[in-house]
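Hello, notebook! Today I am looking up a few things in a structure and writing them down as I go.

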Amino acid sequence: MAFTVTSETKDGIAILTLEGELDAAAANDFRAAVEEAADGDPRRMVLIIQALTFMASAGLRVLVFTKQKMGSGVDLYVVGAHDAVLETITMTGFHHSVIMLDEYDAAEIESM
Amino acid sequence: MASLTVSGALTSLDEIRAFVNEQATKAGLDERRTYRLSLAVDEIATNIINYGYVSAGMDGDVRIVATEDNGDLVIVLEDSSPPFDPFSHARPEDLDAPLEERDIGGLGIFLASQNVDEFRYEHVGGSNRNIFVMHKQPSDGSLASQP
């Protein structure tokens, strides 16, 4: 299934919604969306991935890029990972540097 | 036996995964093991395309063959780009380091080898052959066999 990413920034929180299959062919689109969201200097970035059905290491690389782009003062949330995608994130250790959530709760994220 | 030949471009990855998913379903692999196999093949196909063909400035095809052999589903990726042995590349050692300090190289190879029951490489007659084996009935303690 084709990859899409949509984004919105509200109250300084950038929310990117990823859908479909994030392979090496799609990674550039994701990266471009991150760059654009980062231009707005958000204080937090949230990736909603409930509808992401596949993620290869190319997607993980964009997570690294996102974290580096935002700097250590900005938290990166990853919400709603499917079990198989979560397995990839944890087996490569990437869960140490992002905050994994099952569901997006705006009030909870804003108050963190 | 089923096979598919695609061009060595990233746009072929979709087709490669669809082929693997179809063959895995036919062989009776469950959803999780199908995903793992598809991921493994995708990672190596990506390396073949990026590092084999594209950075060598070459055009070429990738052939993917699926066979069932003695209770196993065997997927072989064949390409004619310059010899590339994935096992000669180091495993990522810093898996517990913070994201910002990670060395990204070799991640794809690590994911490929961890997600199937067996992963091997051969260079035969001018072709790279990357071989992925999934036991149809998992019986060992490996990750690939866990639900």
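In which handedness of crossing does H1(A) pass H2(A)? I looked, and H1(A) passes H2(A) in a right-handed crossing. A crossing is right-handed if the near helix is turned clockwise from the far one by less than a right angle, and left-handed if anticlockwise.

Before going on, I noted that this is a predicted model, where local features need pLDDT of at least 70, side-chain atom pairs count only at pLDDT 80 or more, and totals for chains, interfaces and linings use all residues. Residues are numbered from 1 along each chain as its sequence is written, while chains are lettered from A and ligands numbered from 1 in the order in which they are written.

**Entry 1: two helices of chain A**

I found H1 of chain A at residues 27-39 and H2 of chain A at residues 57-70. Helices are DSSP runs of H or I with at least four residues, strands are runs of E with at least two, and both are numbered from the N terminus. The two axes come within 9 Å and cross at roughly 15°. Axes are lines fitted to C-alpha atoms, for helices over the stretch in contact, with angles from 0 to 180 degrees between N-to-C directions. H1(A) and H2(A) are therefore roughly parallel to each other; angles under 35 degrees count as that, over 145 as roughly antiparallel, 65 to 115 as roughly perpendicular and the rest as oblique.

On the H1(A) side, the contact includes A:Phe30 and A:Val34, and on the H2(A) side A:Val62 and A:Phe65 are among the residues. Contact means that C-beta atoms, placed from the backbone, lie within 7 Å. By class, I noted 8 nonpolar, 2 polar and 3 charged residues. Ala, Val, Leu, Ile, Met, Phe, Trp, Tyr, Cys and Pro count as nonpolar, Asp, Glu, Lys and Arg as charged, and the others, Gly among them, as polar.

**Entry 2: where the chains touch**

The contact takes 20 residues from chain A and 21 residues from chain B. On the chain A side, H2(A) gives the largest share, 8 residues. That side of chain A has 10 nonpolar, 7 polar and 3 charged residues.

**Entry 3: chain B**

I listed 3 helices and 5 strands in chain B, running β-α-α-β-β-α-β-β from the N terminus on. Of its 147 residues, 38% are buried (20 or more other C-beta atoms within 10 Å of their own; 12 or fewer is exposed, and in between is partly exposed).

B:Ser7 sits in strand S1 of chain B and is partly exposed, with 13 other C-beta atoms within 10 Å. Leaving out residues up to four places away in sequence, B:Ser7 touches B:Ser12 and B:Asp61.

B:Gly57 lies in the loop between H2 and strand S2 of chain B, and B:Gly57 is exposed, with 6 other C-beta atoms within 10 Å. Its C-alpha atom is 9.9 Å from that of B:Ser81, 24 residues apart along the chain.

Notes: Two residues are in contact if their C-beta atoms, placed from the backbone, lie within 7 Å.
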